[in-house]
Amino acid sequence: MERIDRKQFIIRSAQATAGTLLAGPLLARTLGNALPVDPFAFAQVPLPYAPEALEPSIDKLTMEIHYGKHHAAYIKNVNEAIAAEKIVAADVHDFFRQTSKLSAKARNNGGGAWNHNFFWESMAPAGGGPEGNVLDAINGAFGDVEKFKTAFTEVAMKRFGSGWAWLVVQNGKLAIGSTPNQDNPLMDVGDLRGAPLLALDVWEHAYYLKYQNKRNEYVANWWNVVNWGAVAHRMK
Ligand code: MN3
């Protein structure tokens with residue numbers, strides 16, 4: 001919002017000045033020169049549901065701290081890094097394609113910013129189950145939904161320390177895997193690359209208040225709030 005407002009302000013200011021001082025062709029050229037390239041920045045998506053809406057799978061306090069403190073900090077910190085390091089990116093894909101060249105601050109907070117936006121939108125109060133194309137793709141790749149869940153859960157459980165479990169499209173096929181820290185499959189680093197369909201945050205901050213050390217229970221209950229409609233939308 002701030003970026004758009006600033007750009008519009010600059011356009012309006014330039015037009016106001018140009019209207020009194022400059023003729024047509026010169027006006028166009030001056031406007032072209034005056035307009036800055038919009039700097040790339042991350043923004044926090046609005047939480048798509050109330051913080052208590054995912055209970056009992058995910059408790060209200062965890063959601064409030066996770067969204068309001070952890071995620072907000074990643075957004076603030078990555079945008080600081082982008083400004084301080086003069087990082088130029090056309091969009092998120094362009095940003096993460098440069099990950100190997102980014103500072104730790106930009107990489108970790110950029111991942112944290114994007115991954116959590118994706119995570120919030122990967123959940124919904126009444127998750128349901130996979131249908132249609134998604135169901136067909138899961139059955140084709142993993143045998144059936146239960147086998148898929150078992151394999152995904154195993155990946156989530158085996159991620160040592162902090163990280164994420166993912167369902168991605170990789171070379172036209174579904175694949176599951178995990179990333180450490182705030183890395184994601186859009187980054188030009190690590191083993192897991194692809195177009196993300198579904199993400200699960202397995203950092204302790206995502207579940208510790210309610211589940212303590214029982215990551216397995218968190219993952220088991222998380223399936224109740226997976227937004228399969230979002231997965232279907234991402235597969236298109
Ligand atoms: Mn998190």
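**A tour of the aromatic rings**

Begin by selecting Phe152, which is buried, with a relative accessible area of 0% (buried means under 20% relative accessible area, partly exposed lies in between, and exposed is over 50%, with a 1.4 Å probe and protein chains only). The model is predicted, so local features need pLDDT of at least 70 and side-chain atom pairs count only at pLDDT 80 or more, while totals for chains, interfaces and linings use all residues. Residues are numbered from 1 along each chain as its sequence is written, and side-chain values use heavy atoms, with hydrogens and water left out.

Next, display the rings of Phe, Tyr and Trp (the six-membered ring of Trp); two rings pair if their centres lie within 6.5 Å, and planes under 30 degrees apart count as stacked, over 60 as edge-to-face and the rest as tilted. There are 22 aromatic pairs in the structure. Select Phe119 and Trp164: this pair is edge-to-face, with 5.5 Å centre to centre and 90 degrees between the planes. The two residues are 45 apart in the chain, Phe119 in helix α5 (residues 104–120) and Trp164 in strand β1 (residues 163–170); helices (H or I, at least four residues) and strands (E, at least two) are DSSP runs numbered from the N terminus. Both Phe119 and Trp164 are buried.

Phe152 belongs to helix α7 (residues 145–158), whereas Trp223 lies 71 residues away in the loop between α9 (215–222) and α10 (228–235). Trp223 is buried, with a relative accessible area of 7%.

Finally, select Arg234, which lies over the face of Phe118 at 3.6 Å from the ring centre (the criterion is CZ of Arg or NZ of Lys within 6 Å of the ring centre and within 35 degrees of the ring normal). Phe118 belongs to an aromatic cluster whose members include Phe119 and Trp164.
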